Amino acid sequence: MSSSTSRSFCFDSGCLWKDEMKVTKAKRRNAGNMFVKCSVNTKAQKAEKPIRIGVLGASGYTGSEIVRLLVNHPHFGISFLTADRKAGQPLSSVFPHLITQDTSYLVDFVAWPVSFILRLGLPNLIAVKDADFSGVDAVFCCLPHGTTQDIIKGLPKHLKIVDLSADFRLRDISEYEEWYGQPHRAPDLQKEAVYGLTEISREAIKDARLVANPGCYPTTIQIPLFPLLKGNLVRVENIIIDSKSGVTGAGRGAKESNMYAELAEGIYSYGVSRHRHVPEIEQGLSDAADSKITISFTPHLMPIIRGMQSTIYVEMASGVTVDDLYQQLRTTYEDDEFVVLLEKGIVPRTHDVRGSNYCLMNVFPDRIPGRAIIISVIDNLLKGASGQAMQNLNLME
C-alpha cells in the first residue's frame, strides 16, 4: 500500500475494524487518518457472548500492551490476568496508566435472544497455578522464553493460544537447543505450531490452534524481504542487516546493561553474530527463497523507550532495478492495512509508528551499483509483539 506524507498516524490502539474484508473500503473513507486497527474475524462478530481471554504474564511490557488492546476490543473480554510475583494486586499497581480499567463490577447485558452477566473492569492479578483455563476460549502467553513450553503443553486442547515467547518459533528443535541453551520440552506441540507473521501466513493462522508470534527484529526484516526473495528479485548471498531497538525490546527484568546510566547518551551493540533471532530470521527468509540463507545481522540497543528500525543491504538479481523492488513491495502489500510502503524518497522514522501497529518501509538505491537499501520501522511492542498477536487471534477460527 502506498502512502503520502500528508497521511497522519493516530496512535489510538482502540480503533478496531469489524471485518478484515472491509479494510480497503475503509481506507478510502479515512484517507486522511490512519488509525491503529485490529481486524476481527467473522466468527467473533457473530458470537453471542464475548470471547473469553486469559493473559499469562500480564505484568510485562507485552502483557500490558495486550491488556490495553483487549479492553478496547469489541468482541474479546478478559477473564484472568496472571503475574506470579504480583498475585493479588490490581494491574494498576504495576502499570498505573491502566488504573481507569481496574474497577470491576457486574452488569446485565442483553443481546437478543439471550441475556447474560458481563463483568466490566480488570480482574486482579493471580498466579498461573490459580488460573481457571476451563473458563476461557483463548490465551495470550507473554511469559519468558523457556518457561512457556511446560505451561502450554498442559493447557486444555480446546484453547486457542498465541505465544509471544520464542519457544515455538523454530521448527527445528535442535536449533532451539543450540540458540536458547536448553532442550525443547514440547517437541510434539512444536509440530503443531504455526509461525504467525500475519501478512505472510494469514491462511495458515486461520486454522491454527497454537500460533508462535514472531520476534520484533524478525518482523521488521521478513516483511520487506520475504516478497523480494520469493520473487527472485534479490540475491540470497551477502544480505547485511543493521537493526536498532528501544530498551523495552529487552524486557522488563532488572539488568545492569539496561540501567539508565548504562544506556543514556549512547548506542550499545549486542549479540554480535549470535543474536537469538538469527535462526528465526534465516528460517523465514530461506522459506521465501526456497534456498538456505545465511545473513549478517547486528542489533543495537538505543536510548529510546520503544521503536525499532532495520536497515537492510541487498544485492539485486541480474537485470533488476530498485523500481522493480518498489513495485514488488507495493503489489504484495497494497491491500494490507498495517504494512505501508511510503512514497519514493521518503525515509521511514520510528517516531511515526510509536504506539501503532504499522510497519513503514521504503527502498533506496545504494551508491554501489547493483545494490539496494531497505529501511523498515515498527513499534517493537505492537507490530513487533502484542499488536501482531492481536491480529493473529482475530484471524484464528
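Predicted model: local features only at pLDDT ≥ 70, side-chain atom pairs only at ≥ 80, totals over all residues.
I started with strand β17 (residues 339–342), and both of its faces are covered. Val339 and Leu341 sit on one side, Val340 and Leu342 on the other, and all of them are buried.

Next I looked up the partner of β17. β17 pairs with strand β18 (residues 359–365) over 3 bridges, in the parallel sense. Opposite Val339 I found Cys359 of β18.

**Whole chain**

I stepped back for an overview. I got 12 helices and 19 strands for the secondary structure of the chain. Of the 397 residues, 53% are buried. I also checked contacts with a separation of 6 or more: 70% of these come from residues 24 or more positions apart.

**The open sheet**

In what order do the 7 strands of the open sheet run? I read off β8-β5-β4-β9-β10-β12-β11, with parallel pairing. The edge strands are β8 (125–126) and β11, and each of these pairs on one side only.

I zoomed in on one pair from that sheet. Strand β10 (residues 160–163) and strand β12 (residues 210–212) run parallel and are joined by 3 bridges. For Ile161, the bridge partner in β12 is Leu210.

**Helix α5**

Which residues of α5 (residues 173–180) are buried? I noted Tyr176, Trp179 and Tyr180. Looking down the axis of α5, I see these buried residues fall within an arc of 80°, so they line one face of the helix. That made me recall a rule: an α-helix has 3.6 residues a turn, so residues three or four places apart point the same way.

What do the buried residues of α5 pack against? They pack against α4 (148–153) and α10 (278–289).

**Helix α10**

At 1.5 Å a residue, the 12 residues of α10 should span 16 Å, and the end C-alpha atoms are 16 Å apart, which agrees.

Then I checked burial. In α10, 11 of the 12 residues are buried, so this helix is largely enclosed by the rest of the structure. Among the buried ones are Val278, Ile281, Leu285 and Ala289, and also Glu280 and Glu282. What covers them? The cover of α10's buried residues includes α5, β11 (194–195), α8 (216–230) and β15 (296–301).

**Two residues with positive phi**

I looked at what follows α10, and it is Asp290. Asp290 has a positive phi near 55°, though this residue is not a glycine. Asp290 lies in the loop between α10 and β15. Is Asp290 buried or exposed? Asp290 is exposed, with a relative accessible area of 71%.

Ser273 is another non-glycine with a positive phi, about 70°. I found Ser273 in the loop between β14 (268–269) and α10. Ser273 is exposed as well, at a relative accessible area of 55%.

**α8 against α11**

Two packed helices are described by the angle between their axes and the distance between the axes. The axes of α8 and helix α11 (residues 322–333) come within 9 Å and cross at roughly 110°. Angles of 65 to 115 degrees count as roughly perpendicular, so that is how I describe α8 and α11 relative to each other.

Which residues meet there? From α8 I listed Gln222, Ile223, Pro224, Pro227 and Leu228. They meet Leu325, Gln328, Leu329, Thr332 and Tyr333 of α11.

Key. Residues numbered from 1 in each chain as written. Heavy atoms only, no water. Buried < 20%, exposed > 50% of the residue type's maximum accessible area, 1.4 Å probe, protein only. Helix = DSSP H or I, 4+ residues; strand = E, 2+ residues; numbered from the N terminus. Arc of directions from axis to C-beta. Contact = heavy atoms within 4.5 Å. Expected span 1.5 Å × (residues − 1). Pairing = 2+ DSSP bridges. Axes fitted to C-alpha atoms, helices over the stretch in contact; angles between N-to-C directions. Parallel < 35°, antiparallel > 145°, perpendicular 65-115°, else oblique.
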